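Welcome, and thanks for taking a look at this fold with us. Please have the sequence and the model open side by side while you read.

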Amino acid sequence: GTVLFVGRLVRAKGWELLLEALAASQSTWRLAIVGEGPDDEEVRQRVRRLGVSDRVRLEGFREGAALSACYAAADLVVVPSLWPEPFGMVGVEAMAHGKPVVAFDVGGIPEWLSHGETGLLVPPGEVAGLAAAIEDLLSSPERRQAMGQAGLAQYRARFTEERHYGLLKAVYEAVLRQG
């Protein structure tokens, strides 16, 4: 299975714990990392040190159709943020692409991720729990499919562009200013 991480490569986004979960995992899932940031080189070094180079693809920054293709190719999306994300745009994008999400239970994430319905919430910082939740979903295509469909339905009901265009635009502009 293929797991997707999208985000700025900074410690607060939890990339370290995600790589540890990959290394500790009993099953041989693969990880695609989309994003760049101050930790770029550190991510490369950690991938080598953990011996998971053959299972990690560093995609760099992607947007538009290229980013959509990354979502389409993934079995599920992981949001392993450690800081209390006020919202978490990546999770909503995952839902828009019909993908289930595994995330740490921090900040505003539980406001859009319904545990057991559109994905799985894991206690913050628990590497073993993160690995277990990922393995759980990867081992059950039917459950993944059902969660992805539930997420898409929730996205359409709550986050469609017509209803939230102004909000999304403001969020993207803020993100671009930070970048």
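**Around Trp112**

Leaving aside its neighbours within four places in sequence, Trp112 is in contact (heavy atoms within 4.5 Å) with Val79, Phe87, Gly88, Gly91, Val92, Met95, Val101, Thr118, Gln154, Arg158 and Phe159. This is a predicted model, in which local features need pLDDT of at least 70 and side-chain atom pairs count only at pLDDT 80 or more, while totals for chains, interfaces and linings use all residues. Residues are numbered from 1 along each chain as its sequence is written, and side-chain values use heavy atoms, with hydrogens and water left out.

**The nonpolar core**

- The largest nonpolar core has 55 residues, and Leu4, Leu31, Val102, Trp112 and Ile134 touch the most other members.
- Helix α6 (residues 127-138) gives the most to this core, namely 7 residues.
- A nonpolar core here is a set of buried Ala, Val, Leu, Ile, Met, Phe, Trp, Tyr and Cys residues joined through side-chain atoms within 4.5 Å.
- Buried means under 20% relative accessible area, exposed over 50%, and partly exposed in between, with a 1.4 Å probe and protein chains only.

**The sheet**

- An open sheet is formed by 6 strands in the order β3-β2-β1-β4-β5-β6, with parallel pairing.
- At its edges are β3 (56-60) and β6 (119-122), each of which pairs on one side only.
- On average, neighbouring strands of this sheet are turned by 20 degrees against each other, direction ignored.
- Strands (E, at least two residues) and helices (H or I, at least four) are DSSP runs, numbered from the N terminus; two strands pair if DSSP finds at least two bridges between them.

- Strand β1 is mostly covered, with 5 of its 5 residues buried.
- In a regular strand the side chains alternate between the two faces of the sheet.
- From β1, Thr2, Leu4 and Val6 point one way, while Val3 and Phe5 point the other way.
- β1 and β2 run parallel and are joined by 5 bridges.
- Across this pairing, Phe5 stands opposite Ile33 in β2, and the bridge partner of Val3 in β2 is Leu31.
- β2 is mostly covered too, with 4 of its 5 residues buried.

- Strand β1 (residues 2-6) and strand β4 (residues 76-79) pair in the parallel sense over 2 bridges.
- Leu4 has Val77 as its bridge partner in β4.
- β4 is also joined to β5 by 3 bridges, and the two run parallel.
- Here Val78 stands opposite Val102 in β5.
- From β5, Val101 and Ala103 point one way and Val102 and Phe104 the other way, and all are buried.

**Helices and their packing**

- Helix α1 (residues 15-24) lies across β1, β2 (30-34), β3, β4 and β5 (101-104), running at about 165 degrees to β2.
- Helix α3 (residues 64-73) lies across β1, β2 and β4, running at about 145 degrees to β1.
- The axes of α1 and α6 come within 9 Å and cross at roughly 65 degrees.
- Leu17, Leu18, Glu20 and Ala21 of α1 make this contact with Val127, Leu130, Ala131 and Ile134 of α6.
- By class, the contact of α1 with α6 has 7 nonpolar, no polar and 1 charged residues.
- For these classes, Ala, Val, Leu, Ile, Met, Phe, Trp, Tyr, Cys and Pro count as nonpolar, Asp, Glu, Lys and Arg as charged, and the others, Gly among them, as polar.
- Axes are lines fitted to C-alpha atoms, for helices over the stretch in contact, and angles run from 0 to 180 degrees between N-to-C directions.

**Helix α4**

- Helix α4 (residues 89-96) is largely enclosed by the rest of the structure, because 7 of its 8 residues are buried.
- The buried residues of α4 are Met89, Val90, Gly91, Val92, Glu93, Ala94 and Met95.
- Just after α4, Gly98 takes a positive phi of about 70 degrees.

**Two partly exposed residues**

- Ala24 lies in helix α1 and is partly exposed, with a relative accessible area of 47%.
- Arg8 has its place in the loop between β1 and α1 and is partly exposed, with a relative accessible area of 39%.
- Leaving aside its neighbours within four places in sequence, Arg8 is in contact with Lys13, Glu36, Gly37 and Pro38.
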